Amino acid sequence: MLEALLQGLVAVLQWNALSFMLIGVAVGFWVGLLPGLGGATTLALLLPFVYNMAPVQAFAFLLGMHSVTATTGDITSILFGIPGEGTTAASILDGHAMAKKGEAGRALGASLMSSLIGALVGALALALAIPVVRPLVLTFGSPELFMVAILGIASIASLSGRGPRGMVRGFLAGCLGLFFSAVGSDPQAANLRYTFGTLYLWEGLGLVPVLVGFFAIPEIVDLAVRGTSIAGKASVGRISGVLEGVKDVFRHFWLTIRCSLVGTWIGVLPGLGGAVAQWMAYAHAVQSAKDATYRERFGKGDVRGVIGPGAANNSKEGGDLIPTVAFGVPGSSSMAILLGGFFLVGLVPGPDMLTKHLSVTFSMVWTIILANIITVAASFAFLNRLAGLTAIRASLLIPFLLLLVFLGAYTNNNNIGDLVVMLSFGMLGYFMVRYRWPRAPLVLGLVLGDIAERYLWISTARYGTSWLGRPAVLILIFLTVLAAASPFIQERRSRRKEALRAA
Amino acid sequence: MRRVTAFLLAGLLLILLTPAYAQQPTFAGKTVTIIVGYAPGGGYDRMARMVAKYLPKYLAGNPTVIVQNLPGANSIIAANNVYNVAKPDGLTIGAFNRNLVLGQLVKVEGMRFDMTKFAWIGSTSNETTVLAIRSDLPYRTVADLVKADPALFIGATGPGANTYDFPLLLRAFLKLNLKIISGYPSSSDIMLAIERKELDGRAGSYSSIKPFIDRGLVRPIMRARASVPAIARLPVDEDLAPSETARAVMALRSVPEVIGRPFVAPPGTPPELVRAIREAFDKVTKDREFLAEAAAAGFDIEFVNGDEALKITLGVLTAPPDVVRIFQQFFKFE
C-alpha cells in the first residue's frame, strides 16, 4: 500500500501529468471565480480532451480543475456576496458580512486556509477509507439517507433568530424552502407540481439562479443604496488581516477538522448532492457555539461561519470520490461526469481500483492535495489585490456585478426562465433581509426537500415501517433531536451565565 | 451611382450563382451547432460532443461544429426551439430525447413540433434495455421470475425512463412478480442500492449495466427489442407476450430505442444539405478513431439513416387507437 502511495505521487509529479494538472488548476481557478459556470459543467466540457491521455494525466487534469473550484468559488462569495459556485453559497452569510466590515482580507485568509485543510482531510479520508470502503458505504441505505436529510432540516432551528419570534420565522422560511423544492415533476409518479403550464419548471427550480438571485441581489441593492464601496468607510485590512484569518483557522482548529469531516461524510453518501455539505457544516458551526450570545454573532460576520463551509466544500471532494472509485457509483453530479472519464481512459471503477490500479487511485489523492496547495498559494499572492476590490466605489462595481449575476444565472439552462427565477428570488431575498427573516433555513429546505421526499418514499415502499428500527436510523434520530434542541440548550446556558453574573 | 449599380449586379450574380453552389453544399467558414436537449455530462450530450469532434472532417469545407445545451422538460424546450426558431440552413442540428415521439403520441402539452416534419438525419446508436437481477438470487429465467416469492424489488428512477416502463409492462403483461421502487435520483444510485441488497435488480440500458454484469454483481434475464450481439440470445419481452395487444404495447415502448440517439435538422432544411449531413454522419460512424472512442465511452455505434428513422417514427404515430389507449395507461412522458 505504501508503495502504491509513493507510485501515485511519482506519477502525478511527472512533467506531463503535472503540466496537465496545472492547466486544469488554471481553468478551475476561473470557473470557481465566475458565478454560474460550475465545476460539473466544466468537467463535461473537458471530458472529450482526455481520450488520448494516460489515466494519471487525465485525472490530474480533471480533478485538478474540479477540486479547486470550491476554493476560488469562496472568494467570489466573500468579496461580492455572489455565490461563485452552487457549493459556496454558505460562505456568503458570514464571509460577505465580514467584507462589509472591511475584513475581506481576514475572511479570505480564513476561507483559503480552511479550504486547504478541508482538502487535505478529504484526501486523507479517501486514502484511509480504501481498505474499509465497502462497509462504510453499504451501511447507508435509503432510510439512513432520509434521516440525514431530516437531520439537516432539523438544523433550521439553529439557523433561525433568537427568541420565539426568530424561531417561528426560521421555521416558516424552512417550510417555504421545502415548498419550493416541490416545484417540478415529482420523483415517483412524474406528476407536474406548481409548473403553471410552463416547460421551464418541469425540472424544478435551478439551484444556481435561485442562489445567485437570493444572495447577490439584496447585496447589490444594499450597495447601490449606500453608494459607497462594499467595505464602506471601514479601512480594508491589509496583509495583517489575511494573516489574522489564517490564524483564526488554527484558533478554531477542531471546528475546521469537524466541518471537514462533515463535508467528507456528506460526500461519501451518494445522492445527497454537492450543495448540502456546506450548509450542514455551517449549521454545525452554529450549533457548536457555546451559548446563545455566541450564536447571535453568526450571520453578522463571524469568522467561524466562513471556516465551516470553507472546509466542508473542499473536503467533500475526497469523500465524493470514495463511492465513485470503489463502486462506480458517483457521490455527486460532478462525479457522475468524472465516471465517464474513467471509461474513456480504459479504467473500470470498482474493486479493481483498490487493488490492481491502486496507484491511480492514490494519484487522485495526490492531485487533490497538490492542486489545492497550488491554488491556495497562488490566491494568497493576489489576496491583497482581491481584498482591495471591496474598496472600489459602488457606481463602478455594480454594472460589473450585475453582469456576473445575469450571466451566472443564465448559464443554468440558457433560458429566459433562469433570469425570471433569479430576479424573483432576488426580490424575495431583499425583503427577507429587510425584515430580518433568516435566509439560510429557506436554502436548507430547498436543497434537502427533494432528498427527504425521495428517500422517505423509497424507504417506506421498500421496508414498510420496519426501517424506523434500524440502528443507524436510531442514532440519526437521536442526533436530529439534539440538533433541534441545540438552540434551546444554548439559550439556557446563556441565561445561567447571566444569572451567575447577576449573582 | 455606378458603384451602387455594381453592388446590385454583384448581389444579383450571387443570388443567381447560389443554386449552382447548392448542388455541392459547402460549409467552409461556417459554424454548425448541435443543440442538445440535456445538460452537459449525460449520454445525449456525450454522444453529441463526440460527433461534433469528428463531423468537421466529413463535411465539405470543414466547418466548426459546436455543441449547445438547451436543457429542460425532457428536451421539449430544445425541440420546440429547433422546430420553430432555428433557421433551416443546415447549420443547426438537434439531439433530443428518443421518447419525444411517444410524448407526441400521448399528446403531451407544450410540444410545439411534429416529429415527422423534422428533417431527419438519423440515429447514431440504439438503446438496449435489459432486466438484470442480483447474481446471488436463485432465479435464472423468466419463468423463475413469474414464480418468484416474495416479489423482487426493482429500482427505478421514474415514469418515462426505461428503468420504470420496462419492468412495469413485464409485471402487467408477463406477470413477473416484481415490486417497482421508484424515485432513485439516477441509475447509479439504483446500482448502489442493489449492491447493499436494498434492491434485487433493475432494468436499464445494457451499456450502463454491463460493468456490473462483468463484475458478477447482477445477471441479465431478458431484454427489449433493440439489441447488440453480446445480449442477442436473451429472451425478448415481445416474443413472450400473451396477446397481440400486449405485444403491440410492448413494441410501442421499445420502438424509439431502435433510434436511441436521434439527430434531426429543422423542418424545411434543403434536401441537398440534409443529404450532405447524413453522409457525413454515416462516415463519422464508420471512422475508426470515432468507433474506438465510442467503445471506450460505452456506446455501441449503429447508424440508422434518416429515412429509416422517419419511417419508424411514422410507424409509432400511426399505431391503432386501442393499443394507444392501453399504452397511455402505462406511459407518462413527464
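This is a predicted model: local features need pLDDT of at least 70, side-chain atom pairs count only at pLDDT 80 or more; totals for chains, interfaces and linings use all residues.

**A helix crossing, a strand and an interface**

In chain A, helix 10 and helix 21 cross in the right-handed sense, where right-handed means that the near helix is turned clockwise from the far one by less than a right angle, and left-handed that it is turned anticlockwise. Helices (H or I, at least four residues) and strands (E, at least two) are DSSP runs, numbered from the N terminus. The contact includes Gly170(A), Ala173(A) and Gly174(A) from helix 10 of chain A and Leu442(A), Gly445(A) and Gly449(A) from helix 21 of chain A; residues are in contact if their C-beta atoms, placed from the backbone, lie within 7 Å. By class, this contact has 10 nonpolar, 6 polar and 1 charged residues. Here Ala, Val, Leu, Ile, Met, Phe, Trp, Tyr, Cys and Pro count as nonpolar, Asp, Glu, Lys and Arg as charged, and the others, Gly among them, as polar.

Residues are numbered from 1 along each chain as its sequence is written, while chains are lettered from A and ligands numbered from 1 in the order in which they are written.

I turn now to chain B, which has 13 helices and 11 strands. Of its 334 residues, 50% count as buried, that is, with 20 or more other C-beta atoms within 10 Å of their own; 12 or fewer makes a residue exposed, and in between it is partly exposed, with C-beta atoms placed from the backbone.

Which residues cover the two faces of strand 6 of chain B? Leu152(B), Ile154(B) and Ala156(B) lie on one side and Phe153(B) and Gly155(B) on the other, all of them buried. Strand 6 of chain B pairs in the parallel sense with strand 7 (residues 178-182) of chain B over 5 bridges; pairing requires at least two bridges found by DSSP. In this pair, Leu152(B) has Leu178(B) as its bridge partner. Strand 6 of chain B also pairs in the parallel sense with strand 8 (residues 201-205) of chain B, over 2 bridges, and there Gly155(B) stands opposite Arg202(B).

Finally, the interface: 42 residues from chain B and 42 residues from chain A take part in the contact. Helix 7 of chain B gives the most to the side of chain B that touches chain A, with 6 residues. By class, that side has 18 nonpolar, 12 polar and 12 charged residues.

Note on methods
Two residues are in contact if their C-beta atoms, placed from the backbone, lie within 7 Å.
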